[in-house]
Each structure stands twice: as structure tokens, then as C-alpha cells.
Amino acid sequence: MNDMLTPELTATKRWTVAEIEALFALPFSDLLFQAQTVHRAHFDPNEVQVSTLLSIKTGGCSEDCGYCSQSKRHHTGVEQENLLELETVVEKARAAKEKGATRFCMGAAWRGPKQKELGPVLDMISAVRALGLETCVTLGMLKEGQAEQLREAGLDYYNHNLDTAPEYYGEVVTTHTYQDRLDTLDQVRGVGIKVCSGGIVGMGESRTHRASLIAQLANLNPPPESVPINMLVQVKGTPLDGAKALDPIEFVRTVAVARITMPKSLVRLSAGREQMDGPLQALCFQAGANSVFYGEKLLTTANPSAESDLDLFGKLGIRVMA
Ligand code: SAM
Ligand code: DTB
Ligand code: SF4
């Protein structure tokens, strides 16, 4: 086999975009075999981690992300809501735990939290953690000192996606920059919070852009502990509604390449599962995906029900990761 295509199982390898494109170009069976080999070296291939999402502050966001239902610049019918009350969040977290989730992710449609907005979120983190769940929040860009406060509240993971290649970012978002995203990831890493960062495919990007996104993620030092791979959910009223749909095989290839280049990370099959059938999801698990969002809602769009996921897991002999 060509040396360039042999995956190194170290977190410190720097990947070039060309090496990642070479992985994308492999025959499908060879790519899946490599992905499965890497997956089995680091994880039980029959276990999947499950996280439940809750939108704690919906809509009205100042940013112009072309895919997002929550930007106030797009007319999507998503109404702006206030930050949820602590009791509501705790109730939802308790219900998620009862259904088997091990991580609870709280998302807010903010460019970033204002200081007076952060306080109530810190209380939510502590309360959810007290239930025995792992905690994750996604609040946008962080200002100096905010990551520290999140860590002190007991936050386990901060989600902040790079979303696409640096070369394509300006086509999707103009109100903040790729460097802004990287700076927030630095702040999170700097205080010892675990990083959840991935992207969206199916936004009209090229395969080279997908390889470039994966290179950015895999070359973070260390790579994110959690890597969500989202298939664009097309939302009416957003600029990306009507984008050419990505071929499902190309989606599976993206998952496999993420697995090979980030051997120790949880690779999450994220948004877009409601639009996928069971066999396509099964291929994604074979390609090394080992985490999903669990529960019938993502932030504003639908996700498969817990019952249908448990049914699929049953058919595939998949156990939920403790
Ligand atoms: N406002 C914060 C931010 O942008 O980081 C946090 C919430 S934002 C909704 C979190 C992530 O959801 C985005 O980075 C993007 O990856 C994902 N997302 C949003 N809308 C999506 C869509 N329609 N399809 C797929 N993924 C989407
Ligand atoms: C991630 O990568 N995907 C999640 C979570 N992190 C915050 C969000 C998906 C949102 C899908 C569109 C919606 O429901 O609004
Ligand atoms: Fe706002 Fe986040 Fe949506 Fe962008 S992705 S518009 S920052 S909520």
C-alpha cells in the first residue's frame, strides 16, 4: 500500500489536505476497511455514545450563517425566545437521562454570551452535572475569562464547530471569521475544557473543501475529543435552502476520513439523520461514527425518536456507551 495512505495512529501527525484527499479517493471498500481498522484499535465498534440536545435560547441571532434557521437575517418562521428557566432545563435533562443519554448539550443562538447572560447558563451547567450527566454547551464566541467561568461551573465539553474549510467559510458566513472560531477553540482548550468541534457538509462545498475542513480539525493539537459531522438540514428561508444535496456515499466517505484522521475522537453522526434511512446510518457506523444526538429534536429541526434509534441499534447489535 502507498505509504501516504497508511494511517498513523498518533494524535500528533499533521495531515496535509492532499493526504486527506487521497483517503477520500480510495475505493470505498478500502476506505471503510481502513476506517474500521482504526476504529477497532481505539473503540469497541459496537458501542455508540448518545447525547441529547436542548435549545436553551432559540432564534433572533445576529449572525448570518447561511444554513441556520435561527439567524434574525433569514425569514424561517423560527420565533425568538428568551433563555429557558433553570427548572425547565433540569426537567429536560432528567428526562434525557431516563431515556439513556449520558451527555446533555445546551445550545444558544448567540454570537456569543453577554456577561449577564452567562450567569444563568453557569447555573444550568452545575445543575445538569449534579444529575450525573456530562455537560456540553454551545454559546458562540467566548470573550476573555468566560471559558474559565464555564470550567468552574463544571462544564465538560464546549461545542464550537469550524463548520467548513477556511477557504469556503466566507461563502457561508460573513459576520464573523474563521479566525474568530479558532480563537474560541483556543480559549476553551486553554482552560482544560474538552473540545467538541466539527462541521457541516452538503453546503455546496467541494471535496477539497471537505478535506480541508478535516485537516483543520485533525491538526488541532490535540484534535477535538468530539467531532460532529452534520449533513446540512435544509431550512426554508435560509440562503442554503435548495443547495445541491450531497451524495450519501460521499457523506459516508467524510465520516470514514474523519475516523482515520482522528482515531481517538468520538465521531458524531449529527444533524441530518432524520433524512437518512437505517442502512445509510449503518454504513456511517461501519465507517467509524460512534456517537449520535438522541431524542426527537435537534435545536429547531427534527431528529429520529429515541424509540426508532433503539430499534436501529437493536438490529445492528449496538450498545449505548456507558
Ligand atoms: N450560535 C452558536 C454557534 O454558532 O456556534 C451555537 C449554536 S449553532 C446552531 C451550532 C451548530 O449547529 C453550528 O455550528 C452548525 O454546525 C450546526 N447547524 C446549525 N444549523 C444547521 C443545519 N441547518 N444543518 C446542519 N447543521 C446545522
Ligand atoms: C452540532 O454539531 N450539531 C448540533 C449541535 N452541534 C449544537 C446542532 C444541529 C442543528 C441542526 C439544525 C437545527 O435543529 O436547528
Ligand atoms: Fe447564530 Fe450560531 Fe445560527 Fe450562526 S449558527 S446564526 S451564530 S445560532
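Trainee: By class, what residues does the shell around ligand 2 have?

Mentor: There are six nonpolar, seven polar and no charged residues in that shell.

Mentor: Some ground rules. Residues are numbered from 1 along each chain as its sequence is written, while chains are lettered from A and ligands numbered from 1 in the order in which they are written. The model is predicted, with pLDDT of at least 70 needed for local features and 80 or more for side-chain atom pairs, while totals for chains, interfaces and linings use all residues; side-chain values use heavy atoms, without hydrogens and water.

Trainee: Which residues come nearest to ligand 2?

Mentor: N161, N230, L299, T300 and T301, out of 13 around ligand 2. A residue counts as near if one of its heavy atoms lies within 4 Å of the molecule.

Trainee: What makes the approach of T300 to ligand 2 a polar contact?

Mentor: A polar side-chain atom of T300 lies 2.6 Å from an oxygen atom of ligand 2. A polar contact is a pair of N or O atoms within 3.5 Å, so the T300 pair qualifies. The corresponding distances to an oxygen atom of ligand 2 are 2.8 Å for N161 and 2.9 Å for N230.

Trainee: How much of ligand 2 does the protein cover?

Mentor: The protein covers 87% of the 400 Å² of accessible area that ligand 2 has on its own, by the Shrake-Rupley method with a 1.4 Å probe.

Trainee: Where does ligand 2 sit?

Mentor: Ligand 2 takes up the space of the largest cavity. The test is that more than half of its atoms lie within 2 Å of the grid points.

Trainee: Why is a space called a cavity and not a pocket?

Mentor: On a 1 Å grid over the protein atoms alone, a cavity is a set of points where a 1.4 Å probe fits but cannot get out; a pocket is an open set with protein on both sides within 12 Å along at least five of seven lines. The whole structure has one cavity of 30 Å³ or more, with a volume of about 880 Å³. Of its 41 lining residues, Y67, C68, Q70, N161 and L299 are closest to its centre.

Trainee: What volume does the largest pocket have?

Mentor: About 510 Å³. The largest pocket is lined by 22 residues, and β1 gives the most, with four.

Definitions and conventions
Polar contact = N/O pair within 3.5 Å; in protein donor to acceptor, adjacent residues only side chain to side chain. 1 Å grid on protein atoms, 1.4 Å probe; cavity = no way out; pocket = protein on both sides within 12 Å on 5 of 7 lines; lining within 4 Å. Nonpolar A, V, L, I, M, F, W, Y, C, P; charged D, E, K, R; others polar. Points joined across faces, edges and corners; volume = space filled by probe spheres on them. Helix = DSSP H or I, 4+ residues; strand = E, 2+ residues; numbered from the N terminus.
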